[in-house]
Amino acid sequence: MVVGVGRSCALLMMALVFLQIEADLKELSVILCLGAKETNEIRSDVAGALYKRLLREEVTSRRIDEAASPAQVRPECLSG
């Protein structure tokens with residue numbers, strides 16, 4: 001199914017983005033001597049901003065209207 005392939009590609013791309021964010025955050029925390037608390041706060045801020053952007057894309061593209069349930073559109077964003 002073409003839609004499934006597209007969704008799989010989107011999930012793979014999202015996973016790669018999160019891996020890159022984690023690598024960059026690790027490097028930044030070493031350079032700036034950040035503690036675990038500060039690193040986690042940055043991670044949460046970045047993940048929240050990314051989730052909002054992806055959700056906005058789903059709404060503006062109207063894919064959210066085509067979904068069986070709006071809650072199922074981007075649940076994988078929350079597991080990052």
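With which residue does Glu-22 form a salt bridge? The partner of Glu-22 is Arg-43, and the closest N and O atoms of the pair are 2.6 Å apart. This bridge links distant parts of the chain, since Glu-22 belongs to helix α1 and Arg-43 to helix α2, 21 residues apart. The model is a predicted one, and its secondary structure consists of 4 helices and 0 strands.

**Overall architecture and confidence**

- Along the sequence, the elements of the protein follow the pattern α-α-α-α.
- The mean pLDDT of the protein is 77, and 71% of the residues reach 70 or more.
- Confidence is highest in α2, at a mean of 87, and lowest in helix α4 (residues 75–78), at a mean of 48.
- The protein has 80 residues, of which 16% count as buried.
- The accessible surface of the protein amounts to about 6100 Å², and carbon and sulfur atoms account for 64% of this area.
- When contacts between residues at least 6 apart in sequence are considered, 49% of them join residues at least 24 apart.

**Salt bridges**

- The whole structure contains 2 salt bridges.
- In the bridge between Glu-22 and Arg-43, Glu-22 counts as partly exposed because its relative accessibility is 32%.
- Arg-43 also counts as partly exposed, because its relative accessibility is 29%.
- Arg-53 forms a salt bridge with Glu-57, in which the closest N and O atoms are 3.4 Å apart.
- Because Arg-53 and Glu-57 are 4 residues apart in helix α2, about one helical turn separates them.
- Arg-53 has a relative accessibility of 40% and therefore counts as partly exposed.

**Helix α2 and its buried residues**

- Helix α2 has 25 residues and reaches 36 Å from its first C-alpha to its last, which is close to the 36 Å expected at 1.5 Å a residue.
- The buried residues of α2 are Thr-39, Leu-50, Leu-54 and Glu-58.
- Apart from its neighbours within four places in sequence, Thr-39 is in contact with Leu-25, Ser-29 and Leu-34.
- Ser-29, one of these contacts of Thr-39, is located in helix α1.
- Ser-29 counts as buried because its relative accessibility is 13%.
- With neighbours within four places in sequence again left aside, the contacts of Ser-29 are Leu-34 and Thr-39.

- Leu-12, Met-13, Leu-16 and Leu-19 make a nonpolar surface patch of about 430 Å².
- Leu-19, a member of this patch, lies in helix α1 (residues 2–31).
- Is Leu-19 buried or exposed? Leu-19 counts as exposed because its relative accessibility is 58%, and exposed residues are those over 50%.

**Positive phi angles**

- Most residues other than glycine have a negative phi.
- Cys-33 takes a positive phi, near 55°, although it is a residue other than glycine.
- Cys-33 is situated in the loop between α1 and α2.
- Cys-33 counts as exposed because its relative accessibility is 69%.

Key:
Residues are numbered from 1 along each chain as its sequence is written. This is a predicted model: local features need pLDDT of at least 70, side-chain atom pairs count only at pLDDT 80 or more; totals for chains, interfaces and linings use all residues. Side-chain values use heavy atoms; hydrogens and water are left out. Contact means heavy atoms within 4.5 Å. Patches are made of residues with over 30% relative accessible area and no salt bridge: like charges are joined within 9 Å, nonpolar side chains (Val, Leu, Ile, Met, Phe, Trp, Tyr) within 5 Å. Accessible areas come from the Shrake-Rupley method with a 1.4 Å probe; for residues, only the protein chains shown count as cover. A salt bridge is a side-chain nitrogen of Lys or Arg within 4 Å of a carboxyl oxygen of Asp or Glu. Helices (H or I, at least four residues) and strands (E, at least two) are DSSP runs, numbered from the N terminus. Buried means under 20% relative accessible area, exposed over 50%, partly exposed in between (1.4 Å probe, protein chains only). The expected span of a helix is 1.5 Å times one less than its number of residues. pLDDT is the predictor's confidence in each residue, from 0 to 100.
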